[in-house]
Amino acid sequence: MFKQIAGASALMLAMASPVHAVDIAIVAELSGGGAPAGTQYRDGIMLAIEEINASGGILGEKIKVTQHDTQTDPQISKGLVTKAIDDGAYVIMGTVYSSSTIVNMFEAMNAGVPQIVGAEAPNITQKGNPYVFRTAYGAHRGVPSLTGYFRDNLKAKKVAVTWVNNEFGKGGHDVFVAEMKKAGINVIADIPSEAGAADFAADVSRLKSAGADAVFVYLHEEESARFLKEAKKQGLKTPLVGEVTLTGQKVIDLAGDAANGAVAHVGLTAQANVKSIQDFGKKFSAKYGHQTDHNGIKGYIGMWAVKYVTEMNGAFDQKKFADKMHGLCLDVNKHPNMLLTTCWDKDGELARESFMVEVQNGKQVVTTTVAAAK
Amino acid sequence: MEQLIQVILSGLATGSIYALAAIGFTLIWQAAQTVNFAQGEFVMLPAFFVLIGINFLGMPLWLAMLFGLALSVLILGVAFKRILVDPLLSHGGLSLIIATMAVAILMKELVKEFYSAEAQPYPALVPQGAWDLSGVIISLQDISHLIICFVVIVGLTLFLDKTKVGRCMQAAAQNAAVAEILGVNVKRMILYTFVVNAVLATLASFLITPVYLAKFSSGEYLGLIAFIAAIVGGFNQVRGALAGGLLIGVLDNITATYITAEYRQAIPLLLLIAVILFKPEGILGKPEGRAV
């Protein structure tokens, strides 16, 4: 009799308590073309989790993390998000690639699981999904920051654009072309390439013959590195300007001195003249033996945002979490691990300071700080 | 006109590297009547041997390349032949083809597991500058690749045609039974063929990886293109593989520059279909009869 009562009590207790309250699932591009971005994002998250657990966890609960490799395949990412939901994830961290996020985010939305993504395609936050939140600017917020640079700094009258033909690239390309039209700048060459492309000889040759005043490069990290190497090989002298990826640390590592002179608008950079970001960069390097790029910072602040928001709510409630995030600003003075004051609007779109950078002698150098978008 | 010259030159340089890998297909076909679908991975792997030499063993580049070459000859040449080809060859070419597919997957996964899934920077073997000849920018890297590949392919052709060992290798490839009666050590000749293939794949790896970057998946596209190049040029002729590689390299660049970048990857496949329909032995291949 006693055993039966004890067993029933244990079962009731188990049912009453939030069994998977602090299960965090990382669904990211850990191999395939997106690995440079996905592994950095993962590493940033893992560093944050280590710190959060060391400081007592979230609401006193330690975080249990599972890692899922999408292999940079959207369909696999969809299956893995479903698996993470079935396993009881409180929040899903990832994916980073827009082409995967646009496919898998509805699984999380239908299950009511908040998803903190690194994706930048504009349409991610334009589909009415109340559970998706960015850790970086969408291209429709980031790319317009470059318009002034093309018009005022470079005095460009005609530009070329080379872009990766997928969800991420198309999003940035469309915003850029529209921005140039508004600014009265002609887009005289429009060159798409496939994700994972290895040979950019023809693309660079076309850019050279186009005679543009500047080139907007909107490719993933590995392709950006191959493009920069080919541009150097063919002696392309036109200024190369990008958004985020073109000057990423991984691109600099891969392209070597071919990356020198590239300019980009970046939402986050370890080279920003901001002490909290520089301190994070040092911690990251000490732990992993390589430098962080913007994706590492994105993962880190995304994970810390999960802690801050959950503790504001006082409960592991996924709906409350999503509701709280909409219209929320996390002030860096009160929430130091956000590194910069960060706000989310009603669509999960993000706003914060950003930076213009140039690669000089193999290092990202911040040239201008851009105010947060309204 | 300047652009066309540059595009052709760049295509020839890339095509010559495709040719090195494509020749491996023809050599193995002739020696073992099978297709090595791990050929792309044979080109991917030596680059990682070099990176291990540099990053973990602290070797200078030249020594790491020798280390990479030696490991490739041992693993991709001798061990591949002894461990995989010898036991399976008597069961027919098909089982060996399937086995090479498995080897390709295994090699990719091993690199991913034990080195990295991310692309790695890789030092250039040749100078990176460029010459400006009346507006035509000539890349030293392209010219160097072209020269190295031609020297190696001409050297290989001379070796096969003019040396005793080369002629024995050809005899073993053409008719193993008769060659054996004539005193040729057929097993040894087949082993030499696999070693030559490993050397060619290693050279292709050293030349292409600074451009494509070292990555576990980099052999996928390269293997496919080299396979198509070998068929287009003529699967039973070394010079056919050379012609096929160069043709695909140039056509790919011209298509992407002047016609369409989106569908550039379809061009080799269209070429393959055209060759199969109108000249199934390949551009420079010889028709082969089979007793049934």
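**Helix packing, domains and chain contact**

In chain A, α3(A) passes α4(A) in a right-handed crossing. Keep in mind that this is a predicted model.

By class, the contact of α3(A) with α4(A) is made of 6 nonpolar, 6 polar and 2 charged residues. On the α3(A) side the residues are A:Pro74, A:Gln75, A:Ser77, A:Lys78, A:Val81, A:Thr82 and A:Ile85. They meet A:Ser99, A:Ser100, A:Val103, A:Asn104, A:Glu107, A:Ala108 and A:Ala111 in α4(A).

Now the geometry. Helix α3 of chain A covers residues 74–86 and helix α4 of chain A covers residues 98–111. The two pack at an angle of about 25°, and their axes are 8 Å apart. Angles under 35 degrees count as roughly parallel, so α3(A) and α4(A) are roughly parallel to each other.

Next, the domains. Chain A is divided into domain 1, which is 7–137 + 274–352, and domain 2, which is 141–266. Taken over C-alpha atoms, the centres of domain 1 and domain 2 of chain A are separated by 30 Å. Where they touch, 18 residues of domain 1 of chain A are in contact with 17 residues of domain 2 of chain A.

Which elements supply the domain 1 side of that contact with at least two residues each? They are α2 (35–54) and α4 of chain A. Helix α4(A) gives the most, with 3 residues. By class, this side of domain 1 of chain A has 7 nonpolar, 8 polar and 3 charged residues.

On to the second chain. The contact between the chains takes 27 residues from chain A and 24 residues from chain B. On the chain A side, the elements giving two or more residues are α2, β7 (186–193), α8 (201–210), α9 (221–233) and α10 (249–255). Of these, α8(A) gives the most to the side that touches chain B, with 6 residues. The chain A residues on that side divide into 10 nonpolar, 9 polar and 8 charged.

Last, a sheet. In chain A, 3 strands form an open sheet in the order β11-β12-β13, with antiparallel pairing. Strands β11 (329–330) and β13 (350–351) of chain A stand at the edges with a single partner strand each, so one side of each has no neighbour in the sheet. Strand β11(A) is joined by 2 bridges to β12 of chain A, residues 342–344. One bridge to point out: A:Leu330 has A:Thr342 in β12(A) as its bridge partner.

Technical notes:
Residues are numbered from 1 along each chain as its sequence is written. Chains are lettered from A and ligands numbered from 1 in the order in which they are written. This is a predicted model: local features need pLDDT of at least 70, side-chain atom pairs count only at pLDDT 80 or more; totals for chains, interfaces and linings use all residues. Axes are lines fitted to C-alpha atoms, for helices over the stretch in contact, and angles run from 0 to 180 degrees between N-to-C directions. Helices (H or I, at least four residues) and strands (E, at least two) are DSSP runs, numbered from the N terminus. Angles under 35 degrees count as roughly parallel, over 145 as roughly antiparallel, 65 to 115 as roughly perpendicular and the rest as oblique. A crossing is left-handed if the near helix is turned anticlockwise from the far one by less than a right angle, and right-handed if clockwise. Two residues are in contact if their C-beta atoms, placed from the backbone, lie within 7 Å. Ala, Val, Leu, Ile, Met, Phe, Trp, Tyr, Cys and Pro count as nonpolar, Asp, Glu, Lys and Arg as charged, and the others, Gly among them, as polar. Domain bounds come from an automatic or database domain assignment. Two strands pair if DSSP finds at least two bridges between them.
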